[in-house]
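Trainee: I've got a new structure open and I'd like to learn how to read it. Could you walk me through it?

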Amino acid sequence: MKQLLLSISLSLLSVSVGFSQTVSANQSDPVKVVRAGNKTTFGKGQQSVADYLISKNISVSEGITYKRAAFKLLIDHQGKVTDASRFYGGISSEIDAEIIAAFNTMPKWNTTVSENEQSMVYVVVTLQNQVLTAELY
């Protein structure tokens with residue numbers, strides 16, 4: 001009899017714990033992606049992004065006179081890049097991979113998005129005569 005009561009008590013406890021975890025997981029708000037506009041910046045502006053990429057010593061191949069690639073960055077409310085991906089164009093697969101790795105390890109951005117939002121920033125990187133430049137959108 002004691003074993004039966006103990007087993008019923010334990011099963012009720014496990015069901016109630018499972019239920020409370022399910023309820024709390026459903027109550028959290030999903031993260032919403034918002035266009036950055038003027039809410040998210042890095043350093044003093046576009047030149048700061050280009051300076052950062054240049055400081056990462058991305059291997060620029062000779063012979064490329066002009067190439068562009070557009071990247072999408074997702075930045076959380078604390079200013080950390082949570083995802084970087086190339087979505088248009090390309091310089092070369094190796095250089096694009098190095099740029100994505102550099103974006104993913106960037107220092108914090110300045111942002112005013114709320115805790116349940118991620119800011120979406122587009123960066124167009126241009127390689128012209130072995131000089132990298134960046135434009136933010």
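This is a predicted model: local features need pLDDT of at least 70, side-chain atom pairs count only at pLDDT 80 or more; totals for chains, interfaces and linings use all residues.

Trainee: Which helices and strands make up the protein chain, and in what order do the elements run from the N terminus?

Mentor: The chain has three helices and seven strands. Starting at the N terminus, the order is α-β-β-α-β-β-α-β-β-β.

Trainee: Which residues of α2 and α3 meet?

Mentor: From α2 you have Val 49, Tyr 52 and Leu 53, and they meet Ile 99, Ala 102 and Phe 103 of α3. Sorted by class, this contact has six nonpolar residues, with no polar and no charged ones.

Trainee: And how should I think about a nonpolar core?

Mentor: In soluble globular proteins, nonpolar side chains tend to be buried together. In this model, the largest nonpolar core has 26 residues, and those with the most contacts inside it are Leu 53, Ile 99, Phe 103, Trp 109 and Val 125. The elements giving two or more residues to this core are α2, β3 (66–75), β4 (81–89), α3, β6 (117–128) and β7 (131–136).

Trainee: What is Phe 103 in contact with, leaving aside its neighbours within four places in sequence?

Mentor: Phe 103 contacts Val 49, Leu 53, Phe 71, Leu 73, Val 81, Ala 84, Val 123 and Val 125, with those sequence neighbours set aside.

Trainee: Let me try single residues. Is Ser 48 buried or exposed?

Mentor: Ser 48 has a relative accessibility of 19%, so it counts as buried. You'll find Ser 48 in helix α2. Not counting residues up to four places away in sequence, Ser 48 touches Phe 42 and Gly 43.

Trainee: And where is Tyr 137 placed?

Mentor: Tyr 137 sits in the segment after β7. With 46% relative accessibility, Tyr 137 counts as partly exposed. Leaving out neighbours within four places in sequence, Tyr 137 is in contact with Arg 35, Val 121, Tyr 122 and Val 124. Compare sequence with space, too: Tyr 137 and Met 120 are 17 residues apart in sequence and 9.2 Å apart in space, C-alpha to C-alpha.

Trainee: What about backbone angles? Which value of phi does Asn 57 have?

Mentor: Asn 57 has a positive phi of about 50°, although it is not a glycine. Asn 57 lies in the loop between α2 and β3, and at a relative accessible area of 65% Asn 57 is exposed. Now look at Asn 129, in the loop between β6 and β7. Asn 129 is not a glycine either, and its phi is positive, near 50°.

Conventions:
Residues are numbered from 1 along each chain as its sequence is written. Side-chain values use heavy atoms; hydrogens and water are left out. Contact means heavy atoms within 4.5 Å. Helices (H or I, at least four residues) and strands (E, at least two) are DSSP runs, numbered from the N terminus. Ala, Val, Leu, Ile, Met, Phe, Trp, Tyr, Cys and Pro count as nonpolar, Asp, Glu, Lys and Arg as charged, and the others, Gly among them, as polar. A nonpolar core is a set of buried Ala, Val, Leu, Ile, Met, Phe, Trp, Tyr and Cys residues joined through side-chain atoms within 4.5 Å. Buried means under 20% relative accessible area, exposed over 50%, partly exposed in between (1.4 Å probe, protein chains only).
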